[in-house]
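Visitor: I have this protein open on my screen. Could you take me through it?

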Amino acid sequence: MTVDTQAAATDVLRRLGINEENPGAFCGTWLDTSGEPLESRNPASGEVLASVRAVGEGDYERVAAVAVEAFETWRQWTAPARGEIVRQLGNELRLHKEDLGRLVSLEAGKVLSEGLGEVQEMIDMADLAVGMSRQLYGLSMHSERPQHRMYEQWHPLGPVGIVTAFNFPVAVWAWNAMVAAICGDSMIWKPSQKTPLCGLAITRIAERVLTANDAPPIFGLAVGDRHQVGGPLVADRRVPLISATGSVTMGRAIGKVVSDRLGRSLLELGGNNGIIVMDDADLDLSLRAVLFAAVGTAGQRCTSNRRLLLQRGIADEMKRRLVDAYQSVRIGDPLDPATLMGPLIDENAVDDMMRALDTVRQQGGTVLYGGERHELGGCYVQPTLVEAPAGLPITCEETFAPILYLTEFDDLDEAIALHNSVPQGLSSAIFTLNVRSAERFLAATGSDCGIANVNIGTSGAEIGGAFGGEKETGGGREAGSDSWKIYMRRQTCTINWGTELPLAQGVEFDV
Ligand code: NAD
């Protein structure tokens, strides 16, 4: 870290209420946690930013007990009153946007504009949730029985466990927390052990809003790894919903435990997102979209473009343009406004990328550009283009790094079959100026993903729609549309306002 950057980091942390050493659990008060200190490192420099004491013996239990208690009170607040708390939280985030954006860059290695974008996404989620707090609508339906009325209503569900990944250290909490809050739920957040400071900073802001309003401590926090927090949280029968974002491996493990206790899980897992570029595509548009989707966040988005399917007529031209563009990607400190690509999150991620590239070579793929660690050292790598013949086994795996596999095809049917041949199903896109090709891609026999775009890349979704994916991506949906329903329990009510007791389906039961 240069001296300036280090001084800037110290200022940002101080303004966000983070000390050199910090307690790692909040439940209305900050607990003097007894676990091992967890060092948060800046992936750009390797230096320690601050340390957080993870939860130890008994700490999780205290957080969980308070979440249960807080739920009892919070669920009795009206939904619009809950929305008012979320509105104020959104305003606090606006005030701290710059510092929070910098913290995301410092801790997760994202370039500043993406760090700021993540905080903006939290603010947008708050605004959306405030509106939702007046629209938690149920349906009413006609009863088959005379003088009866039937309707559905939605009640708060209970404490929600929120497990988040390192790559969206604040936005994913907001996707869940803003909506869960207006739905009347309390929460226990387990942030990634790679980004605990983001968890701390956000919880300190939320704490101030709760205290100012005399609201129950609904925003709980427990910092620790999958053993210290993950295990107890996921197995906790008092927590009816576990919303977990992370790898497919994590989702499999969590899904089993939650389903075994017949709980509800919302899984947002790995993606392996493809873009199809047709011969008739606008290549300038395609290139810009692919570049952001494949290189943005150093390929560490769940929606990063990992597979680029090129129709043969434009394949050579697109490859040439991509190599040129990759050469001009500015790599460096994420806080430098000129930087387009920062480092990977840690050394393990670099090793995973290099191992994947060894496998590529063994399986018969060819590195067209990049393929090495970057001369800056540390966690920096070269964004990489790989020519991958159709069916190369490694293209079915998500390597969380900037590797883009290029595969050629002849016609759209072949492209869609190739596109859908991977186990994951998060985001997808086609570039074409032909309305028939676009509609074919969006049809029931087209993309099998939760997100399907035309002339837009795979990453950078807006919050108004439901976000999530199919197949091994887990099937969960978060953010906008009717995603709020998973944070509530549905109740079907029938009221007899007559003097008779007719039974449904014409059943007679008279004595
Ligand atoms: P990860 O799976 O290693 O960890 C994610 C979180 O799960 C962390 O908080 C971790 O401590 C916790 N965890 C892991 N195993 C657990 C277990 N057995 N029990 C309880 N908790 C457990 O993922 P990561 O490296 O932090 O993030 C990258 C992954 O997340 C990628 O696969 C990416 O695609 C995925 N992701 C998906 C989405 C989405 O919305 N679909 C969004 C962001 C990231």
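**Ligand surroundings**

Guide: A backbone N or O atom of Thr164 lies 2.8 Å from an oxygen atom of the ligand, which is a polar contact (a pair of N or O atoms within 3.5 Å; within protein, one must be able to donate a hydrogen and the other to accept it, and residues adjacent in sequence count only if both atoms are side-chain atoms). This is a predicted model, in which local features need pLDDT of at least 70 and side-chain atom pairs count only at pLDDT 80 or more, while totals for chains, interfaces and linings use all residues. Residues are numbered from 1 along each chain as its sequence is written, and side-chain values use heavy atoms, with hydrogens and water left out.

Visitor: How far is the backbone N or O atom of Phe166 from an oxygen atom of the ligand?

Guide: That distance is 3.2 Å. For Lys190, a side-chain N or O atom is 2.8 Å from an oxygen atom of the ligand.

Visitor: And how many residues surround the ligand?

Guide: There are 26, and the closest are Thr164, Gln193, Ser247, Leu269 and Glu398. A residue counts as near if one of its heavy atoms lies within 4 Å of the molecule.

Visitor: Changing topic: how is the protein divided into domains?

Guide: Domain 1 covers 5-39 + 50-269 + 474-490, and domain 2 covers 273-463. These bounds come from an automatic or database domain assignment. The two centres, taken over C-alpha atoms, are separated by 31 Å. Domain 1 gives 24 residues to the contact and domain 2 gives 19 residues, where contact means heavy atoms within 4.5 Å.

Visitor: Which residues of the largest nonpolar core touch the most other members?

Guide: Trp173, Met178 and Phe219 do, in a core of 78 residues. Its largest share, 12 residues, comes from helix α6 (residues 171-183). Such a core is a set of buried Ala, Val, Leu, Ile, Met, Phe, Trp, Tyr and Cys residues joined through side-chain atoms within 4.5 Å. Buried means under 20% relative accessible area, exposed over 50%, and partly exposed in between (1.4 Å probe, protein chains only). Helices (H or I, at least four residues) and strands (E, at least two) are DSSP runs, numbered from the N terminus.

Visitor: What is Met178 in contact with, leaving aside its neighbours within four places in sequence?

Guide: Its contacts are Val86, Leu89, Leu93, Met122, Met125, Ala126, Ala129 and Trp173. Another core, of 46 residues, lies apart from the largest one and has Ala315, Ala349, Ala356 and Val386 among its members.

Visitor: Which residues of α11 are buried?

Guide: They are Ile314, Ala315, Met318, Lys319, Leu322, Val323, Ala325 and Tyr326. The elements covering them include β13 (273-277), α10 (283-295) and β14 (305-311).

Visitor: Where is Arg373 placed?

Guide: Arg373 is in the loop between β15 and β16. With a relative accessible area of 39%, Arg373 is partly exposed. Its side chain is joined to that of Asp351 by a polar contact of 3.0 Å. Beyond four places in sequence, Arg373 is in contact with residues including Glu347, Val350 and Tyr380.

Visitor: Which helix holds Glu347?

Guide: Glu347 belongs to helix α12 (residues 347-363), and at 37% relative accessibility this residue is partly exposed. Not counting residues up to four places away in sequence, Glu347 touches Arg373, Gly378 and Cys379.

Visitor: Last one: is Ser437 buried or exposed?

Guide: Ser437, in helix α14 (residues 435-442), is buried, because its relative accessible area is 9%. Setting aside neighbours within four places in sequence, Ser437 is in contact with Met278, Leu412, Ile430 and Thr432.
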